[in-house]
Amino acid sequence: MNAMHSSISRRAMLSVAALLLCLGSTEAAPLFVPQKTHAVVIGVLKFRDPGLRSFSAIGRKDKELYELLLKRGVPAKQATLLLDEQATRQGVDKALAQAIGRVKAGETLIVYYAGHGVIYGTGDVAFATYDLTRQNLAGTGLLMSNLSTALARLPKGARVILLADCCYSGRMQRVAREISRLGVESVSLTSADASNYSSGNWTYTQAIIDGLSGAPLADLDNDGQVQLDELAREVKRAMKYRERQKHGFSVHGVKPRLVVSQRKGSALVRGKGPYTIGAYARTKRAGKWETVRIVGRRGPSVQVE
């Protein structure tokens, strides 16, 4: 009788342990599952209208982000890249409609934009397409209100991640909130807040790339994974210290601790005090003050980028 009771107890304990493991795996389920991810990456650095300021294409990061998604395992047939002349209003609308039509419940859609953000009317923002005209922002630009309407066609149980590197990109937070009410889990992580300008540098997109690729600096708690909230803090700190601007971040129905990547390499020994690895600092080079990030140590000295 005692032996039977002991056997039942062991089986019960194993069942409880298995249940806890199952619950734990649900809690830490990856945010980014490549095979179930669709992506539309839009980068507009030059425009048909000569009155719109162009950006340098040297070292462009929008294409690098797209290539990283493919490298991580997003099927090429589920990813679209529109650069410059390809990113007309018609081309963008078509790419979004096709991607939205492919997404099923339990799958993720990533929408990324880099370029100009322009205030439209009272509270709306237009992302500049290649053929945008300032006389007809609503007809030639990608209005955030129109993006909300398009994303509303996603099925319940789907997830959307909105990323943007432009002025007023934080307006995407309203888009995320609106579609979350329709049963779509949503994340908005942008270079600027809804009312802020954004720099013409690639600081934001580089932070996104670092987080999605599992850069050790992005694993702030050294647990071997980069979670969504760590990615958001990477963006926040990069924009604050390098660009002196506010970022935008909101989540709806998504746990901030969900995993976006596994860390590459060993955990960093960050050290203590004001000059820990990963911290930002100011230093003078050639008589000019610059913002740098501490990335390593050599004895009493530190390495920076």
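This dialogue goes through several features of a predicted model.

User: What does the secondary structure of the protein come to, and what box do the C-alpha atoms fill?

Analyst: The protein has eight helices and 14 strands. Taken along the principal axes, its C-alpha atoms fill a box of roughly 85 × 55 × 35 Å.

User: How many of the residues count as buried, and what supplies the exposed area?

Analyst: Of the 305 residues, 50% count as buried. The protein exposes about 15,100 Å², of which carbon and sulfur atoms supply 56%.

User: Where do the mean positions of the positive and negative charges lie relative to each other?

Analyst: There are 44 positive and 25 negative charges, and their mean positions are 3 Å apart.

User: Is alanine 158 buried or exposed, and where does it lie?

Analyst: Alanine 158 lies in the loop between helix 5 (144-151) and strand 7 (159-165). Its relative accessibility is 0%, so alanine 158 counts as buried, the cut-off being under 20%. Leaving aside neighbours within four places in sequence, its contacts are Val103, Lys104, Ala105, Gly106, Glu107, Gly183, Val184 and Glu185.

User: How do strands of a sheet pair, and what is the order of the open sheet of three strands?

Analyst: In general, strands of a sheet pair through backbone hydrogen bonds, either parallel or antiparallel. Here, the open sheet of three strands has the order 4-5-6, and its pairing is antiparallel. Strand 4 (117-120) and strand 6 (142-143) each have a single partner strand and stand at the edges, so one side of each is left without a neighbour in the sheet.

User: How many bridges join strand 4 to strand 5, and which residue is the bridge partner of glycine 117?

Analyst: Four bridges join strand 4 to strand 5 (residues 124-127), and the two run antiparallel. The bridge partner of glycine 117 is phenylalanine 127, in strand 5.

User: Which side chain forms a polar contact with that of glutamine 245, and where is glutamine 245 placed?

Analyst: Glutamine 245 is in the loop between helix 8 (228-243) and strand 10 (248-252). With a relative accessible area of 12%, glutamine 245 is buried. Its side chain and that of serine 198 are joined by a polar contact of 3.2 Å. Not counting residues up to four places away in sequence, glutamine 245 touches residues including Ser191, Tyr197 and Met239.

Notes. Residues numbered from 1 in each chain as written. Predicted model: local features only at pLDDT ≥ 70, side-chain atom pairs only at ≥ 80, totals over all residues. Heavy atoms only, no water. Buried < 20%, exposed > 50% of the residue type's maximum accessible area, 1.4 Å probe, protein only. Areas by Shrake-Rupley, 256 points an atom, 1.4 Å probe, with all protein chains shown as cover. Lys, Arg positive; Asp, Glu negative; His and termini not counted. Charge placed at Lys NZ, Arg CZ, Asp CG, Glu CD. Contact = heavy atoms within 4.5 Å. Pairing = 2+ DSSP bridges. Polar contact = N/O pair within 3.5 Å; in protein donor to acceptor, adjacent residues only side chain to side chain.
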